[in-house]
Amino acid sequence: MRTGIGRDAARAIDALRRGWAIRLAAPDGAIRLMAIEGADAVTLADFDPHGRADILISAARAETLKLGNQLAAADPDMPVLVERAPWIDADVATAISDPVLDLASPLKGPFRARTLPAPQAAKAALRLARLAGILPAYFLLKGDGSVEAEVSADAISAYDDATNLAIATRARLPVSASESAEIIAFRSPDEPREHVALIVGKRDGSPPVIRLHSECLTGDVLGSLKCDCGPQLHEALHRIADAPWGILLYLRQEGRGIGLVNKLRAYAMQDQGFDTVDANVRLGFAIDARDFSVAARMLDLLAVDQVRLLTNNPNKVTGLEAAGIKVTERLPIILAANPHNERYLATKRDRTGHQL
Ligand SMILES: Nc1nc2c(ncn2[C@@H]2O[C@H](COP(=O)(O)OP(=O)(O)OP(=O)(O)O)[C@@H](O)[C@H]2O)c(=O)[nH]1
Ligand SMILES: [Zn+2]
């Protein structure tokens with residue numbers, strides 16, 4: 001169902017990515033925000049002429065800045081508000097928000113945490129940063145003032161609601177794994193990412209062999225050796241082609257849902273020695289920010305409620321089942337490691353329960 005609030009979230013995301021200010025309202029209050037990513041002295045002076053904006057960051061980032069113990073952290077997902085000391089200008093704020101810069105510009109400090117004016121609004125702000133693909137860090141002001149977009153916490157929750165997805169079009173698409181394939185594109189009204197399904201072979205009443213493939217530009221297109229995505233994609237297509245029938249879902253959830261730029265930041269942190277799990281956490285994101293209800297909704301639209309799932313990731317099985325799809329069988333998909341992805345695969349095995 002198309003609603004105005006979906007448009008509000010789309011406008012807020014667009015504004016944040018352009019460095020414009022937004023107002024975010026939740027039941028516990030409203031805050032004005034400008035993304036620290038991309039902010040400079042001029043845009044900051046425009047948003048905050050009196051130098052009063054505090055800095056909103058994730059709890060994980062606050063931990064790295066030694067702010068973790070200053071507030072009763074009953075909720076590890078609760079953001080932290082850092083008091084704006086006079087020496088915190090746009091450049092210092094950038095260093096506060098971006099962990100990739102920690103080695104290059106050791107942080108000054110000391111930082112002091114302040115009580116959050118509207119915790120629900122602050123939490124929604126971090127969710128919005130992930131949807132916008134920016135670092136979860138903002139300049140925050142209370143009170144009224146001019147902004148480019150207004151959004152509610154509810155609109156942010158509704159924005160990527162998978163039930164809004166619908167089939168946009170379908171066409172025959174012979175691929176190298178099978179000449180008998182059909183591509184189906186899915187769209188939702190306000191969210192621009194278009195997911196696709198490739199159905200291979202003829203539906204025969206048995207549960208199809210399914211692969212949920214999350215977009216990986218570096219692996220799928222450039223042949224990156226840092227992950228296993230490219231080879232897994234091709235192996236999956238061949239396994240599906242060998243089955244009576246099957247479906248590859250190509251999900252636009254780049255970087256396990258944090259977006260390309262944030263994934264590349266995670267890669268820069270891996271260059272500094274952090275593993276894939278710690279890199280995500282230090283950036284202020286969940287270890288895996290994907291929403292498997294998108295895949296479940298696509299299967300639902302294809303009238304599929306039982307699947308044989310190609311994966312090593314037990315969370316994909318539980319995620320799909322929680323979203324109403326029965327996984328009758330898990331089929332492992334194991335490929336040889338290379339020297340560049342050995343550690344990544346070991347981290348998946350040891351820290352995220354992948355059965356490799
Ligand atoms: N944030 C982040 N994302 C990564 C990293 N390496 C790969 N990815 C993303 O991880 C996703 C690939 O995961 P998948 O292969 O679908 O799933 P999986 O959890 O490994 O489970 P399998 O089904 O067993 O392969 C893609 O969206 C990649 O862009 C990384 O270091 N950091
Ligand atoms: Zn990859």
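Reader: In what order do the seven strands of the open sheet stand?
Author: This is a predicted model, in which local features need pLDDT of at least 70, side-chain atom pairs count only at pLDDT 80 or more, and totals for chains, interfaces and linings use all residues. Residues are numbered from 1 along each chain as its sequence is written, with chains lettered from A and ligands numbered from 1 in the order in which they are written. Strands are DSSP runs of E of at least two residues, and helices runs of H or I of at least four, numbered from the N terminus; two strands pair if DSSP finds at least two bridges between them. The pairing is mixed, and the order is β8-β9-β10-β12-β11-β13-β14.

Reader: Which strands stand at the edges, and why is one side of each left without a neighbour in the sheet?
Author: Each edge strand has a single partner strand, so one of its sides has no neighbour in the sheet. These strands are β8 (166-172) and β14 (326-331).

Reader: Which residue is the bridge partner of R170 in β9?
Author: β8 and β9 (residues 181-187) pair in the antiparallel sense over six bridges. In β9, the partner of R170 is I184.

Reader: Which residues of helix α4 are buried?
Author: A residue is buried if 20 or more other C-beta atoms lie within 10 Å of its own, exposed if 12 or fewer, and partly exposed in between, with C-beta atoms placed from the backbone. In α4 (residues 90-97), the buried residues are A93, I96 and S97.
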